[in-house]
Each structure stands twice: as structure tokens, then as C-alpha cells.
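Colleague: I'd like a close look at one part of this model, cut-offs included. Of the residues around DNA strand D, which come nearest?

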There are 2 protein chains.
Amino acid sequence: MISSLELARRCGVSQGTVDRALHDRTGINPRTRNRILRLARQQGYRPHPAARELITGQSQIVGAVVPTVNNIFFMDLFHELGSRLAERKLRLQVSPVRDPADFLAVLEDFAARRVRLGLVVPPEDYIQIPGAITGCLPLISLISPCRGKGIHFISADEEKTGREAVRHLYNRGHRHILHLTYERRAYAIMARARGYKRQTRELGLNARITTTLHQKQLISLLKKERITAIFCHNDWLALTVLLSLSKSGIRVPEDVSVLGVDNSPTLMALHPGLTTMAYPVGAVGRAIADILDGGNGQAQEMEYQIMERATVRNL
Amino acid sequence: MISSLELARRCGVSQGTVDRALHDRTGINPRTRNRILRLARQQGYRPHPAARELITGQSQIVGAVVPTVNNIFFMDLFHELGSRLAERKLRLQVSPVRDPADFLAVLEDFAARRVRLGLVVPPEDYIQIPGAITGCLPLISLISPCRGKGIHFISADEEKTGREAVRHLYNRGHRHILHLTYERRAYAIMARARGYKRQTRELGLNARITTTLHQKQLISLLKKERITAIFCHNDWLALTVLLSLSKSGIRVPEDVSVLGVDNSPTLMALHPGLTTMAYPVGAVGRAIADILDGGNGQAQEMEYQIMERATVRNL
DNA sequence: TTGTAGGCGTTATCAC
DNA sequence: GTGATAACGCCTACAA
């Protein structure tokens, strides 16, 4: 692969002139420029990003880190964000990680590469990120927070998500609403459950939370508590519930309504009728753009939006 | 962040000596080396990969490209492969792409970055990859083939996959086996369907292929053809079928057996009982390692393996 | 409008 | 054992 110097030689001009042509800067004869550009294309010239990075001290890469478990939604999300970054000529590169050690190693690597921005979904809450990393790598944490200096945390108001879910189901007549979630004490899990609890209490309902996926246990719980609606922490859980319910001959939404969260395209394709709450991708994208522009990442309307479909009905 | 030159100054030695210490090469006093290493850690020295790349003309990155649609299995796969590459100090970075244009743009970028190896799952079959890319970027195509010079294609024998699926179901007593697949004329889709057809014919059975996910159509087809087993092109399709069947009150595996392909961890977690055929990740990993070592990527036992679980039964 | 020179942080090759 | 020096490919500033 030829270098800009070699290209200059073949064009019979200096490296500086080639540079002017490639970045169409002023101070160059249009005809020279065209000739250089044509030859560059012809010879398959490609600038070497490493050299540019060395000069500017920054790469045009935005690094993303996602946990390997249950990453469907994250992949969908990052693809969406990647399209937006492309508009700024930034390339998104995703690294899947399985644990905090792995996570920190990847961030170390990002820091070394002078990656422009790290977009991370930490595999655990409150991982401490050392100053050696935060000092030279701007970080935005999504979904779950990290501990460390200057790390932005962009999140929807998750307590509100829980509240809205309950309100939605309440407004449709449901009075016995179950919340199905995970045992893990992660930020969003806790916050949504808190919202669920407070809202049910305010409405004078019983708060009933479970983490069981065991079919028989779940079904007996539904019967015992006369549950008519299940608010699931995410679409993936909602799907396991849908599978369990139909195996047990319980009809959705005739007998029980199901509400998920995420609006994950992949899972939606699997079961298009699932009512869910859409992650505010747009607002998050704007917040990220704002931070890239030196802002503080405040964005409006960072709220999940309910997507009404066939798994929730009026009683 | 300090450079190796700056580190040398602070240690009171030359840059060359620092380099010897960092790469523990011979020709350096052990005490000097220890002093340098200690100070390097203390000062948070991190070598800049861009500079190394500039010198060596190669990066330590393996780039992966996955289509954004239905990428669950690919993400699981690449995470597995990434762990193996880590043993060789290679970092795997994944770029999701949505179409051939996007695909080629990412490969262009990989070529420019002197990425060590491109591991691609093309969004379409037989995309022509220009010589300008293949000339300087070793490529391994997975799942679907590409057109271009010197591109390795690592794939299981997909016709055999179709045959094995039929044989497995036949051995368990099934005589009316449906194949559910996609309309898209992609390599693996066609090859598995071909294997399915040939094997059913050889066994004297009717070959019946459908691409419909429409619940009613599917159910009436099952009844009309007295289907007792469904061989699905992948786990994702198998799951949609499971959902449809249980909604229709058809029991699995009592009334109908279901067989998927991929053994995708994420989907398996969603429905642990699904019988499926496991992609030969190990063999593919070895083939990739072989190519990295200059081999031709031939590997033994590149076959899917049946994972028997609760959705297939003896008749 | 064009050419030249210096430097980014490494690595490799000399000489001491 | 150690230190100087020249690359790698690009960008910026300044000189012509």
C-alpha cells in the first residue's frame, strides 16, 4: 500500500501538495488537485490512521464495551448509536467482555489507543475505574453506573419506568400486577422494582415481585395472587413468560397481560405482538452527541415510551 | 500520558534501554531493568499502539464484521473466538453492518488500519471484495462465502447438516418431517435444504419445505401433511415455531417434535429444552488459528453436533 | 500556488 | 550494557 510521500513522487509534486489535495484545503491549483485525487484513487491510496493518531493524539474510534450475556438489546442499541456516530466520521467498535477484569483490560486498551470516547455497559454495577484510565479516556456509562472520576452516566429515570408500567396496567383495569425481574442487585433492576413498589402502594395495590422462571412456581403464584398482568424487567423475560404461559394453556392477553421493556428489535421480530417500553435511543444518542460537543450530556425526555401491542388488554 | 522517551528521561537512561526493559530483551542489567519497570508502572506508562503499528506495519487487532439482523448467534460465536484470540494477544473488535455497502466500507477501514485479520459474516452471499482490499487484508469468511482473491471460507458441511437432521428424526421414528427455513437464497439456507431434500428422498419420505411463519398457515400445513417433526433452519425459527405451536394448543414434543440449529447460548437460555445442532465453534477456532499460523485452514470434524433435549422424542 | 522541515512514539540498527 | 540515530506515514507551520 502506497504512502502519501510515494503518491507525491508519482504525481511529481511534494507531500505537502498531496496533503492539500486530499483534505481539499485552499491554496492549491484545482487542476493539480484533480490530478492528485485521480491518481490517488487509481493507485488505491489509503491514509494510515495510525500516523494521523500519532500526530493528533486522538483516534477517530469510539469504543464500546458490552457484557456478553444477554447482549441482544445492547447490540441493537449500539448499532443504532453507530449510525449516528458515522455522521461524525467516527467508527464504533464493539468489544464483548465477560467480567470486570476483562472490562478493565479493554478500557486500558482503549486508553492506550487514545480512543475518542468509551461507551460502556458495565458487566456489574459500580466497578471502580482507576484514574489512570478516566484521566485520558472520556467515558459514558449506559444502563448501569460506574465509579470513577468524570464518568458520565446516561440513563433513563428507571424508577419512573417502573411507575409508568404500573400506571399503564392500572389504567387498563389491572389490580393484581406481578413484577418479574432478576435477583441481581443491579442499578436498573433495583430502580424499576422501587418504582413498581411505590406506585403499586400509592394506588393501594399489593406489590408482588418474583424472580422465578420456573413454570409451575410461576403459574401457582399467578393463581394464588389472582394476577392479571405481569410487568417484566425486559423483553427477554417477557418472552420466557410467554413461553411458560402458553405451555400451561394460559392465554395472553385473555387471561394474563404481559408487558416487557426495551423494544429490542431482535426479540420483537421473534414475537411482534409483545407490548413493551421502548428505550429512549434517540435521547441517549443526543446526549452522547452533546458530550462529544463538550456539553454535559443533559437531554430532554429521557423516558421509556410504551409501545402498545397485543399482550396487554383492557379488563 | 508519558512517552517512552519521557520515561527514559525520568529514569536517567536512554530510550533504547527503556525499550530493552519493557520487552525484556537481553543485553540489559537486571537492576536497571527492574528500576525502569517499576517507574513505568508508577508513572502509568502505556505504549502507544499507533506508533508500533507505524513501524511494524501491522496492528494487533482482529476485526470482525457481523450483520445487524438476527445477530444473536454471531455475537455468541465471536465472543467465543475472541477468547481464543486473546491467548495470542490479539484483540477482537466487532463492527455491526447492515448492508453490503456498509460491509465494504468497514473492510476498507480494516485494510487502512492494517488489521491483522478480518473475520466476516457477510450480510449477503457472494459479495465481490475488490483486490485493493484482499491484497492487504487476510480475510476469513464465516457462514456465507464472499467473492474475491484469497478469501478463506470456513464452513461446516451444510448439506450434511440437513442430512443429519433428517436422519436423526427418522431414527426416532418420524416419517413426515417438515423443513422450516427462509426465502433468502443464501448459502447455508440452500445447502441445508438440499441436504434435507436428498436425505428425505433417499429414505423414501416426502420433502416438504416451507418459509411461512404465519401461525394458521403453519398449523394447517402440519395437519394436512400429518407432520410429526419440524426441522428449523436455526434456533430463532425454532423458537417462533414453539411460540406458534403452544398458542395453537399443539404440544411439543408430544404432538410435534422441533429441531433447531446453532445451539445459540442466548436463545438456549430463553428456552433450555430446545433440541438443536451445535455449530462447531471449536473446529472453526482451530481453523482460524491454523490460518494465522500460515496454514490453509483445513480442520477436522467441521460438523454440527446434535444436542438432544426435550423438543424431540421417539415416536 | 508549491516545497521543505520538524515532530508524533515506537522499534531497529548501529556504534561505543 | 548502554546510547545515539534513523526510520514508519502523516500533519502543520513556515519558507519560497
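Modeller: A:S4, A:Y45, B:T17, B:R20 and B:N29 come nearest, out of 23 residues around DNA strand D; a residue makes that list if one of its heavy atoms lies within 4 Å of the strand. Bear in mind that this is a predicted model, where local features need pLDDT of at least 70 and side-chain atom pairs count only at pLDDT 80 or more, while totals for chains, interfaces and linings use all residues. Bookkeeping: residues are numbered from 1 along each chain as its sequence is written, chains are lettered from A and ligands numbered from 1 in the order written, and side-chain values use heavy atoms, with hydrogens and water left out.

The polar contacts (pairs of N or O atoms within 3.5 Å) touch both kinds of group. For the backbone of A:S4, a polar atom is 2.4 Å from a phosphate oxygen. B:S14 also uses a backbone N or O atom, 2.9 Å from a phosphate oxygen. B:R20, in contrast, has a side-chain N or O atom 2.8 Å from a base nitrogen.

Which elements give two or more residues to this surface? They are α2 (15-22) and α4 (49-56) of chain A, along with α2 (15-22) and α4 (49-56) of chain B; helices here are DSSP runs of H or I with at least four residues, strands are E runs of at least two, and both are numbered from the N terminus. The largest share, three residues, comes from α4(A). By class, you get eight nonpolar, 10 polar and five charged residues, where Asp, Glu, Lys and Arg are charged, Ala, Val, Leu, Ile, Met, Phe, Trp, Tyr, Cys and Pro are nonpolar, and the others, Gly among them, are polar.

Terms used. Polar contact = N/O pair within 3.5 Å; in protein donor to acceptor, adjacent residues only side chain to side chain.
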